[in-house]
Structures are given as structure tokens and as C-alpha cells.
Amino acid sequence: MGTTDALVTRLIRPEIRALSAYHVADAAGYVKLDAMENPYVWPEDMRLDWLARLQTVAMNRYPDPAPARLKALLREADGIPDGMALLLGNGSDEIIQMLLMAVAGPEVSVLAPEPTFVMYRQIARSLGLNFIGVPLAADFSLDLAAMTAAISEHKPALVFLAYPNNPTGNLFERQAVEAILAATPGLVVLDEAYAPFAEATFMRDLPNYPNLLVMRTLSKLGLAGLRLGYLAGTPAWIDELDKVRLPYNINVLTQVTVEFALEHHTVFDMQTENLRRDREKLFQALQALPGFTPLPSRANFILFRCDDRPAAEIFDALKRGGILIKNLSGAGGPLTDCLRVTVGTPDENRRFLAALPA
Ligand SMILES: *Cc1c(COP(=O)(O)O)cnc(C)c1O
């Protein structure tokens with residue numbers, strides 16, 4: 001054992017040893033409102049059609065490394081401007097990794113406002129990059145003065161902006177994002193993971209900014225289990241990033257299932273519309289409860305602050321009541337005593353509200 005420890009210390013890079021693995025809570029048996037998943041399953045006839053489609057898949061063959069039909073369906077579904085290229089990822093997490101691998105170097109900086117999606121920092125650190133987190137303003141809007149000062153000081157190769165932001169749920173001002181696009185000498189990646197719930201996008205702005213890339217995922221839309229994300233941008237960027245991509249990163253089951261799902265996008269459109277409506281109901285219900293302050297959200301989750309008691313107490317009481325949400329209080333700073341709940345079905349939302357201690 002002693003010699004193994006010494007070997008690990010000698011061979012594993014110090015920046016890796018300094019990291020903690022991304023922790024995922026065991027959700028078995030709980031009403032699962034912790035991970036921004038879509039709570040709805042597919043109608044029975046759609047499931048049967050899907051199973052029939054799966055029978056056509058050649059499991060013995062490698063997947064298509066450049067699935068043209070899948071990309072065409074994505075272009076149509078998401079209004080990707082003509083002339084823009086697409087990079088597919090095994091979830092958008094993998095795209096974040098590809099972006100960072102492509103720019104990585106000893107003197108390279110990456111910047112994002114914080115609190116935000118933790119994988120930007122986690123993956124940047126694992127690749128030995130210098131990660132700069134710039135605090136958001138107290139209301140979680142972009143602190144433009146702090147952002148532009150940090151950008152001119154560190155000249156980041158990459159700036160990540162989650163639009164809307166996770167875990168805060170708010171959508172940054174369009175003008176503030178435009179100011180950051182203008183101030184950044186490097187690339188700005190707009191992470192639009194929650195686009196279906198935000199009804200706001202920079203997708204149509206792609207042709208106007210040489211340093212803009214837009215990232216999307218199908219995870220929050222209702223296909224988290226499949227792992228498909230993509231990056232849209234000018235071919236000059238995408239062609240280079242494509243060299244970092246492993247050729248068969250999108251498996252055959254994902255390819256055929258995403259095509260099938262996009263052919264049935266009206267089902268997802270309806271689910272999304274319901275979730276947006278139920279998000280407003282959940283927000284109002286939380287706002288009406290003494291002791292809790294929810295933040296307005298443009299995503300499929302709501303961040304709320306516990307005013308009277310520690311967040312851990314509320315989190316534990318919910319868990320005892322069979323409800324799993326996310327406790328963000330451990331991150332400290334502006335997230336102290338903050339919890340995040342994903343919008344579920346109306347019944348799940350009711351059960352969550354009923355399990356909140358009075
Ligand atoms: C959930 C999330 C992702 C990760 O999405 P996957 O495609 O499932 O890897 C990326 N960015 C943000 C802001 C997210 O909240």
C-alpha cells in the first residue's frame with residue numbers, strides 16, 4: 001500500500017490530486033428534483049415506435065463519426081444560422097473538455113463569473129489551466145466592471161457564460177453579454193443548456209461575432225440519459241476543435257434516438273411549455289411561504305434562500321420526507337443557505353412544497 005501511495009503521488013499530476021471527484025447523490029427511492037432532469041416520460045405509442053427504430057441499429061458497426069442527418073435535424077430544430085458548423089459532444093460536458101484541451105497551455109487563462117456551472121473550473125483545473133472566477137453582483141447579475149477588469153488583466157483564451165446561469169437561474173442582460181463579447185480578446189462560449197426554458201438565445205448572433213460560440217445540450221430538454229450536446233460556430237473554430245474530438249464519441253443508440261426524438265419535437269415542446277408554466281407556479285408558492293426567498297428563474301429550476309434556518313436543516317427535512325433537491329450552501333459566499341429545486345411534475349412540485357418544514 002505504501003509503495004502504491006508513493007507511486008500515485010509521483011505519477012498523478014498535482015492538479016489532479018488536488019481535485020475532488022464530482023459528487024452525484026444516490027437518488028434511489030426519492031422524488032428526484034436535484035439534477036434539472038425533465039420529469040416526463042414518452043407516450044406509450046412513441047416508446048413503441050422508438051423500440052422499433054432501435055431494432056434497425058447495427059450494433060456491430062462503429063457509429064457514423066459525422067452524422068449528417070442528425071446535424072440537419074439539430075440545425076432545423078434550433079435555428080442554427082446557415083454557414084455555421086457543429087461539433088457534437090457526449091454531453092456538453094465533453095464539449096467543455098474539448099474546448100479546454102484545444103486551448104490548454106502553461107500560461108493560458110480561462111474565466112467565468114461565479115457562482116456558475118462547476119465543470120468549467122473543474123475541467124480547467126484538471127488540465128492545468130489558470131481558472132479565474134469573477135464574483136457575480138449581489139443580485140447574481142454580471143458585474144461588468146469586475147468582468148472587464150479581469151478580462152484585461154488575464155486576457156483569457158476562453159470565457160464561459162451560462163445563459164441562463166446555473167445554479168442561480170437568472171438570465172444575464174443581453175447588453176452585458178455583448179459588452180463581454182466586445183471586451184474579450186479570446187473566445188466567448190455561451191452555454192445555453194437551458195435554452196428551451198429561457199426563450200432567449202445568442203444563436204442568431206453567431207455570424208456577427210468572430211469570437212462567439214454557442215453551446216447547447218439535449219439533457220435538460222428531456223434526454224439527459226443519452227448524452228448529446230453540441231457547439232455551433234464558424235467552421236474555422238469548429239474544424240480545429242474537431243481534431244480534439246474522439247472519432248466515435250456519439251454512440252449509435254444516441255444517434256438513432258436523438259434523430260427519433262427530434263422528429264417528435266412537438267412532444268418535448270409541450271413538456272417544456274408545461275415546465276415553464278409550473279416553474280411560475282412553484283416560484284409563487286415558494287414566495288408565499290415565510291422563511292424562503294426564491295430567485296426569479298429562466299431555467300427549469302429555482303434557487304431559493306432559507307432566511308430563518310440553515311439550508312442543511314431544510315434539505316435534511318425534505319430528504320426525510322422523500323424529496324431530493326440540491327444543497328448549494330457548502331459552496332459558501334452568496335450561495336450560503338441556498339437550495340436548488342428542479343421543476344418536476346405538478347404532483348412532484350406539490351409533494352416538495354408539502355414536505356418543506358413550516
Ligand atoms: C447541466 C449543464 C450542462 C451539462 O450538460 P450535459 O450536456 O448533460 O453534459 C452544461 N452547462 C450547464 C450550465 C448546465 O447546467
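User: How much space lies in the second largest pocket?

Analyst: About 590 Å³ in this predicted model. Of the 24 residues that line this pocket, the closest to its centre are Ala 77, Asp 78, Arg 216, Leu 221 and Asp 269.

User: What makes a residue part of the lining of a pocket?

Analyst: A lining residue has an atom within 4 Å of a point of the pocket. For the second largest pocket, 24 residues line it.

User: Which elements give two or more residues to the lining of the second largest pocket?

Analyst: They are helices H4 (68-78), H9 (195-198), H10 (219-223), H12 (252-263) and H13 (265-288), with strand E7 (212-217). H13 gives the most, with 5 residues.

User: How do the residues of this lining divide into nonpolar, polar and charged?

Analyst: The lining holds 12 nonpolar, 5 polar and 7 charged residues.

User: Why does the second largest pocket lie between domain 1 and domain 2?

Analyst: Both domains give residues to its lining, so the pocket lies between them. The domain assignment gives domain 1 as 3-43 + 266-355 and domain 2 as 58-264. Their centres, taken over C-alpha atoms, are 22 Å apart. The contact takes 32 residues from domain 1 and 32 residues from domain 2.

User: What span is expected for helix H5, at 1.5 Å a residue?

Analyst: The expected span is 16 Å. H5 covers residues 92-103, 12 residues, and reaches 17 Å from its first C-alpha to its last. That is close to the expected value.

User: Which residues of H5 are called buried?

Analyst: Buried means under 20% relative accessible area. In H5, Ser 92, Glu 94, Ile 95, Ile 96, Met 98, Leu 99 and Leu 100 are buried.

Key:
Residues numbered from 1 in each chain as written. Predicted model: local features only at pLDDT ≥ 70, side-chain atom pairs only at ≥ 80, totals over all residues. Heavy atoms only, no water. Helix = DSSP H or I, 4+ residues; strand = E, 2+ residues; numbered from the N terminus. Expected span 1.5 Å × (residues − 1). Buried < 20%, exposed > 50% of the residue type's maximum accessible area, 1.4 Å probe, protein only. 1 Å grid on protein atoms, 1.4 Å probe; cavity = no way out; pocket = protein on both sides within 12 Å on 5 of 7 lines; lining within 4 Å. Points joined across faces, edges and corners; volume = space filled by probe spheres on them. Nonpolar A, V, L, I, M, F, W, Y, C, P; charged D, E, K, R; others polar. Domains from an automatic or database assignment. Contact = heavy atoms within 4.5 Å.
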